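Good morning, and thank you for coming. I would ask you to keep the sequence and the structure in view while I speak.

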Amino acid sequence: GAFAPSCADKFNIGFLGNRSILNVSLTRARKGLVILGNRDVLQMDPTLGSMIRHYEEKRCLSSEEDFVEALEDFTEQQEFDGGA
């Protein structure tokens with residue numbers, strides 16, 4: 001029979017699809033956690049999709065524009081403080 005790949009088959013989230021590796025990468029964060037990626041693609045994975053919904057409910061997600069602005073502000077503050 002014919003095989004029609006699902007939308008999820010067209011994208012590869014690499015090691016993030018491995019729950020053990022994902023768990024290690026998330027739990028090793030000491031001061032903060034930044035996940036950059038295409039939300040639509042990441043949500044195709046059940047674990048990441050659940051995590052993204054959780055962060056949405058907690059209002060912990062930022063747009064690309066907000067993230068870049070915050071990063072620029074942080075960088076400027078670090079330069080002002082002498083890199084401390």
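Predicted model: local features only at pLDDT ≥ 70, side-chain atom pairs only at ≥ 80, totals over all residues.

Asp-45 sits in the loop between H2 and H3. Is Asp-45 buried or exposed? Asp-45 is buried, and yet it has no salt bridge. The nearest side chain of opposite charge belongs to Arg-19, and it is 6.8 Å away. A salt bridge here requires the nitrogen and the carboxyl oxygen to be within 4 Å.

The protein has four helices and zero strands, and along the sequence the pattern reads α-α-α-α. Of the 84 residues in the protein, buried residues make up 10%, and Asp-45 is buried.

I turn now to charge pairing. Side chains of opposite charge can pair when their charged atoms come close. How many salt bridges does the model contain? The count comes to one salt bridge. Glu-56 forms a salt bridge with Arg-39, and their closest N and O atoms are 2.9 Å apart. This pair links distant parts of the chain, 17 residues apart: Glu-56 belongs to helix H3, residues 46-57, and Arg-39 to helix H2, residues 39-42. As for accessibility, Glu-56 is partly exposed, with a relative accessible area of 33%. Arg-39 is likewise partly exposed, at 37%.

Beyond H3, please look at Arg-59, in the loop between H3 and H4. Arg-59 has a positive phi of about 55°, although it is not a glycine. Its relative accessible area is 75%, so Arg-59 is classed as exposed.

Finally, the surface. Which residues gather in a patch of negative charge? They are Glu-64, Glu-65, Asp-66, Glu-69, Glu-72, Asp-73, Glu-76 and Glu-79. Glu-79 lies in helix H4, which covers residues 64-80. With a relative accessible area of 60%, Glu-79 is exposed.

Asp-45 is buried and has no salt bridge, whereas Glu-56 is partly exposed and is paired with Arg-39 in a salt bridge. Thank you; I would be glad to take questions.

Methods
Residues numbered from 1 in each chain as written. Heavy atoms only, no water. Patch = residues over 30% accessible without salt bridge, like charges linked within 9 Å, V, L, I, M, F, W, Y side chains within 5 Å. Areas by Shrake-Rupley, 256 points an atom, 1.4 Å probe, with all protein chains shown as cover. Lys, Arg positive; Asp, Glu negative; His and termini not counted. Charge placed at Lys NZ, Arg CZ, Asp CG, Glu CD. Helix = DSSP H or I, 4+ residues; strand = E, 2+ residues; numbered from the N terminus. Buried < 20%, exposed > 50% of the residue type's maximum accessible area, 1.4 Å probe, protein only.
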